Amino acid sequence: MLRTINTEDLIPIIANLCKDACYHLNDNVMNALENAYEKEESPYGKETLLLLLDNAKLASKEEMPVCHDTGMAVVMMEIGEQISWTGKPLEEAVNDGVRKGYTEGYLRKSVYLDPLNRVNSNDNTPCVLHTDIVPGDKVKITVMPKGGGSENMGTFKNLVPADGYEGVKKFILESVFNAGGKACPPIVVGVGIGGTMDKTTLIAKQALLRPIGVHNKNPFYENLEKELLDEINKSGIGPLGMGGRMTALDVHIEYYPCHITSLPVAVNLQCHSVRQASAEL
Ligand code: SF4
């Protein structure tokens with residue numbers, strides 16, 4: 001049976017998600033930062049993590065952005081195939097929600113309408129909207145404000161199949177080491193392996209939505225996640241690049257089938273401001 005939803009009902013929900021995501025790091029992220037503080041051995045690294053934790057707690061208490069860069073809003077929607085929409089076009093309603101949230105929440109407007117002519121839209125729209133059609137009659141919306149510092153350090157490469165396991169590992173590690181402190185560590189490393197160029201980069205971003213501490217269900221990829229995390233945390237980059245062991249909070253890999261001649265890999269980095277908020281209706 002079809003369930004009908006008016007797209008305009010999404011506007012206040014998305015507005016609140018934008019504000020919530022920018023003000024409050026969720027418990028999973030706060031616990032991961034607390035654990036990193038406990039494990040960090042470098043005095044500078046420890047001091048830096050303490051500052052990051054204090055900053056996040058104050059932002060949440062005062063309902064202020066955790067970081068001045070409140071990002072470009074990435075909105076991921078899982079839409080049940082039994083949903084029928086009424087009202088304005090879906091993408092327009094989603095952007096209305098983003099506009100309302102960024103305006104009401106005094107969140108920095110960081111979106112240029114044209115990447116070369118650099119004209120600010122002044123309301124942080126448009127967002128980047130991804131939709132997935134899933135079974136059922138529910139809609140899940142996740143807003144993920146993505147700051148420029150970590151997003152700019154993302155990488156993609158078409159490896160050749162002969163590069164194999166070691167080649168993939170080398171590319172991911174080089175990406176993280178080249179980013180150094182610029183991605184505002186401790187980071188979460190989102191990795192996409194397989195698919196086509198568009199799919200690889202999308203699953204790398206989706207990998208960032210997995211809670212910290214939860215590994216890939218496939219033991220082969222779980223093992224690769226653990227190996228990479230271990231190597232990354234031996235790099236000495238440390239919190240905000242100040243030196244230390246806690247360069248990454250986690251590595252999340254998603255994979256997808258690919259063409260026999262292909263081995264694409266994408267790395268999408270998420271800074272310590274792991275901002276994401278979800279709602280289901
Ligand atoms: S990378 Fe993250 S923490 Fe660093 S400035 Fe950008 S949004 Fe803020």
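User: Does Tyr221 count as buried or exposed, and at what relative accessibility?

Analyst: This is a predicted model, in which local features need pLDDT of at least 70, side-chain atom pairs count only at pLDDT 80 or more, and totals for chains, interfaces and linings use all residues. Residues are numbered from 1 along each chain as its sequence is written, and side-chain values use heavy atoms, with hydrogens and water left out. Buried means under 20% relative accessible area, exposed over 50%, and partly exposed in between (1.4 Å probe, protein chains only). Tyr221 therefore counts as buried, at a relative accessibility of 15%.

User: How many aromatic pairs does the structure hold?

Analyst: Rings of Phe, Tyr and Trp (its six-membered ring) pair if their centres lie within 6.5 Å; planes under 30 degrees apart count as stacked, over 60 as edge-to-face and the rest as tilted. By this rule, the number of aromatic pairs in the structure is three.

User: Why is the pair of Tyr165 and Phe220 given its class, and which class is it?

Analyst: A pair of aromatic rings is described by the distance of the centres and the angle of the planes. For Tyr165 and Phe220, the centres are 5.6 Å apart and the planes stand at 65 degrees, so the class is edge-to-face.

User: Which helices hold Tyr165 and Phe220, and how many residues apart in sequence are the parts that the pair ties together?

Analyst: Helices (H or I, at least four residues) and strands (E, at least two) are DSSP runs, numbered from the N terminus. Tyr165 belongs to helix 6 (residues 164–179) and Phe220 to helix 8 (residues 219–232). Tyr165 is partly exposed at 27% relative accessibility, and Phe220 is partly exposed at 45%. The pair ties together parts whose separation in sequence is 55 residues.

User: What kind of aromatic pair do Tyr221 and Tyr255 form?

Analyst: The two ring centres lie 4.1 Å apart, with 10 degrees between the planes. Tyr221 is in helix 8 and Tyr255 in strand 8 (residues 248–256), so the pair links distant parts of the chain, 34 residues apart. Tyr255 is partly exposed, with a relative accessible area of 38%. The pair of Tyr221 and Tyr255 is stacked.

User: Which residues do ring pairs link into a cluster?

Analyst: Both pairs described above belong to one cluster. Its members are Tyr165, Phe220, Tyr221 and Tyr255.
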